[in-house]
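Good morning, and thank you for making time for this presentation. Please have the sequence and the model open as I speak.

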Amino acid sequence: MDFSLGELAVKFGCDLVGDPKTRISFSSTLISAKQGDLSFYSNVFYLKQLESTAASAVVIKPSDLKHCPVDALLTDDPHIIFSKIVALLNPLPTFEPSIDASASISKKAIISNSAFVGALCFIGDGVKIGENVYIGPGCIIDGHIKIGSNSRLIANVTVVNKVAIGKETMIHPGSVIGSDGFGNMKTEKGWLKIHQIGGVKIGNDVEIGSNTTIDRGSLDDTEIHDGVRLDNQIQIGHNVCIGEHTAVAASAAIAGSAIIGKRCMIAGQVGLVGHIEICDDVRINGGSVVTKSIKKPGVYSGSFAADEDKVWKKLVAKIRRL
Amino acid sequence: MDFSLGELAVKFGCDLVGDPKTRISFSSTLISAKQGDLSFYSNVFYLKQLESTAASAVVIKPSDLKHCPVDALLTDDPHIIFSKIVALLNPLPTFEPSIDASASISKKAIISNSAFVGALCFIGDGVKIGENVYIGPGCIIDGHIKIGSNSRLIANVTVVNKVAIGKETMIHPGSVIGSDGFGNMKTEKGWLKIHQIGGVKIGNDVEIGSNTTIDRGSLDDTEIHDGVRLDNQIQIGHNVCIGEHTAVAASAAIAGSAIIGKRCMIAGQVGLVGHIEICDDVRINGGSVVTKSIKKPGVYSGSFAADEDKVWKKLVAKIRRL
Amino acid sequence: MDFSLGELAVKFGCDLVGDPKTRISFSSTLISAKQGDLSFYSNVFYLKQLESTAASAVVIKPSDLKHCPVDALLTDDPHIIFSKIVALLNPLPTFEPSIDASASISKKAIISNSAFVGALCFIGDGVKIGENVYIGPGCIIDGHIKIGSNSRLIANVTVVNKVAIGKETMIHPGSVIGSDGFGNMKTEKGWLKIHQIGGVKIGNDVEIGSNTTIDRGSLDDTEIHDGVRLDNQIQIGHNVCIGEHTAVAASAAIAGSAIIGKRCMIAGQVGLVGHIEICDDVRINGGSVVTKSIKKPGVYSGSFAADEDKVWKKLVAKIRRL
């Protein structure tokens, strides 16, 4: 897919400096850009790359235009406009509705005529797959699972037991949705498994990264609300509830029954203990361990920055002597 | 499956307050319960939910009966009795012994007539699958693998190389058992791979969560003993040994050759360095990094609770000035 | 495969003490060794095991020979020589070039005649698989993927989008290479997905553990250079670059655009924030959170060792009072 610079200027409301007929077919960083590529500039750190870029055009602020050696699209928000152009130039892959002959499909499954089911997928009894849904190769969908229209499971995603997935939601490879939570009761003979019978409800416009796990609820459901973004390798325990538009970065672990508000930002490797409540608009910095409910919006931290080992060891020794 | 309240009272030795003919077909939380549901109450935090519950009956302590608006099963241990009733009402799914036509089965594999092998499974040479074993869809079993009777691999589990799994053991999707440990030797030309030739021994009544990894031993085996419970996204290095009835919560990482005793409880995101020994009956709190052997039963900690960022930064600054 | 002790002595340049005709067919630890096994000794911690070993021979330093009750191969580097003999006795499994009938192969894929593609693999359009490549059962290779000669994907590996894998590289089960990075832009309506269009470049002689995730770049590629070793459950964000011969242990998380030098050693559960640079020859100890670039080779730390809970809580209370 390609566009003229003039078409892009009109479509995104930018002023154009240069030739409106310039063809743009690819988006790139300043340093990697070639003829036909569009790039963007918004950070002075990359000034030298701007001055020597081989891009055909750059999305840039009016105040930075003087440094730009090539055609330009002017806007106050170069990163947002550039991202929108990237999406335009690189739409999600299209697909022909079809069910691959190598897939194993239950006769009791209901699959929309406009859906795609890829090679070597398993679709079990009681699965309902909505319009324009894309189920990539190797996915296992086994249980009372409902997948809303326009959602995409990229490849090798496992969804089991009782899961409702909304519309326009995307799940990346290796993720496991709906498996048993960690429910065990101590007895004299050892651990007694607490049978998990809840499900998982995932909203619309959710994105779930690779190798992330979301457990089914113990009795009620685990809930991931509309617009949530989950990165890779995240663990979501049973009966967790994550509010709208909250984003969680990689390798975070949210223990059972934690309730997280709306528009929160939880950084990488953060741990939340179970049964606590985080209010809306909380940001938690990387590596923090959150052990108590947070009732006030704001930024929270709890990790130390690594230091030279000698310096760190001296510091730890001083602390131990307090 | 459903039962009368009278049957449940007899079966679990509870006193019954109300109508023994009340039908119970589902188990639920106080707040979600509907007609026909059983719920339980043991924590004053949920008193309001108890007082307004729509459950048909509640499992409850005699001393709390006065707050209960519906029929009741009386016991000193509401959570345990309730969990047992949940298991009774929601038994593990039954299956017809069979091998799905889409599975790929080696002629050299030995599969019990009472076992189930689901769609799109691969069962390689030398695999032995015992009585009443359930291998859900998409599992890959490739190597000298033995799976004991009544064990269940839910779906998309990968077991490779040399692994013996006991009886009544359950493994959730995305887990990988038996792959190479991280064995590398530094040489002038870079890293030399140390070929891993050990296996994994997993006992009876073990449960392994989703996307957990258990490496084969370097020379001898990695061992997970009877009754162990592993949550999701746990990493178990080569030659680790985990003693009976120890439970490990999500996202913990146990480095190679660590030996963990019996009945330990290791919380989420805990890290254990390699080659250390943890005695029986040790509890380690969330996010701790354990760097030395622990020789005394008890509770161990090593993480800081997150705080408001300003407060935390001030504290860190003070510490740095020590 | 088996060898005489004499052959091994010649092959690895060791002096031999004992019978050169002794047959060696297996490698083992001192304590597990049986007749026909070779073991090694280099750590006084195992002296008692040496003195009572049932191995047929032991690789050992000349200075330790006096404690050795059986035949010996003498060398200054017992562990390296032993590891090389382990590799000789236990070569990677061989395979007959073939494509399993249950695999689903695109007509537009190019697969070398000497490659192996196992059961239930999916190989999509535009995939190129080189000479002697081994693709184990259940792998999903979907996109513009190139796999160099002699590389091995053990089983159930997912590679998507745009990925170039070098020669002699090994990837263990459950790993996901090339899926979208975590790119989101805040807007008034919630998160706007930043379409990810970069790829992943993986060098030669790389090893990637189980359930590790490596995201495609946002615009340019994510890069893993020659000789890198990645353990299990590691997260590598978009546009990360890892230099030659760097090793990363399990459960580490490297955020987007971090640049890591050559020959670094990053321990388990380490977290690196995005957009920082780590120079060559840096070692980072377990559980550290690295928030700033590191410009000087050396050892870095940032985690506390766990302690008895009472001791730890007192210490934390004192710190809070600073």
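A note on conventions. This is a predicted model, in which local features need pLDDT of at least 70 and side-chain atom pairs count only at pLDDT 80 or more, while totals for chains, interfaces and linings use all residues. Residues are numbered from 1 along each chain as its sequence is written, and chains are lettered from A and ligands numbered from 1 in the order in which they are written.

Let us begin with chain A. Its C-alpha trace spans about 80 × 70 × 35 Å along the principal axes. Chain A holds four helices and 38 strands; these are DSSP runs, with helices being H or I of at least four residues and strands E of at least two, numbered from the N terminus. Of its 322 residues, 56% count as buried, a residue being buried if 20 or more other C-beta atoms lie within 10 Å of its own, exposed if 12 or fewer, and partly exposed in between, with C-beta atoms placed from the backbone. Chain A is divided into domain 1 (3-89) and domain 2 (157-300), with bounds from an automatic or database domain assignment. The C-alpha centres of domain 1 of chain A and domain 2 of chain A lie 39 Å apart.

Now to the interfaces. Between chains A and C, the contact takes 52 residues from chain A and 49 residues from chain C; contact requires that the C-beta atoms of two residues, placed from the backbone, lie within 7 Å. On the side of chain A that touches chain C, H3(A) gives the most, with five residues. That side divides into 19 nonpolar, 26 polar and seven charged residues. Here Ala, Val, Leu, Ile, Met, Phe, Trp, Tyr, Cys and Pro count as nonpolar, Asp, Glu, Lys and Arg as charged, and the others, Gly among them, as polar. E38(A) and strand E37 (residues 298-301) of chain C pair in the antiparallel sense over two bridges, pairing being assigned if DSSP finds at least two bridges between two strands. Within E37(C), C:Ser301 is the bridge partner of A:Asp307.

Turning to chains B and C, 49 residues of chain B are in contact with 52 residues of chain C. The chain B side comprises 23 nonpolar, 19 polar and seven charged residues. Strand E37 (residues 298-301) of chain B pairs antiparallel with strand E38 (residues 307-308) of chain C, over two bridges. There, B:Tyr300 stands opposite C:Glu308.

Which strand of chain C is joined to E17(C) by eight bridges? That strand is E15(C), and the two run parallel. C:Asp142 has C:Val160 as its bridge partner in E17(C). Strand E12 (residues 122-123) of chain C also pairs with E15(C) in the parallel sense, over two bridges, with C:Ile123 opposite C:Ile141.

Finally, the loops. Most residues other than glycine have a negative phi. A:Asn156, however, has a positive phi near 50°, and lies in the loop between strands E16 (152-153) and E17 (158-165) of chain A. A:Asn156 counts as buried because it has 34 C-beta neighbours inside 10 Å. C:Asn211 likewise has a positive phi, of about 55°, and its place is the loop between strands E23 (207-208) and E24 (213-215) of chain C. With 30 C-beta neighbours inside 10 Å, C:Asn211 is buried too.
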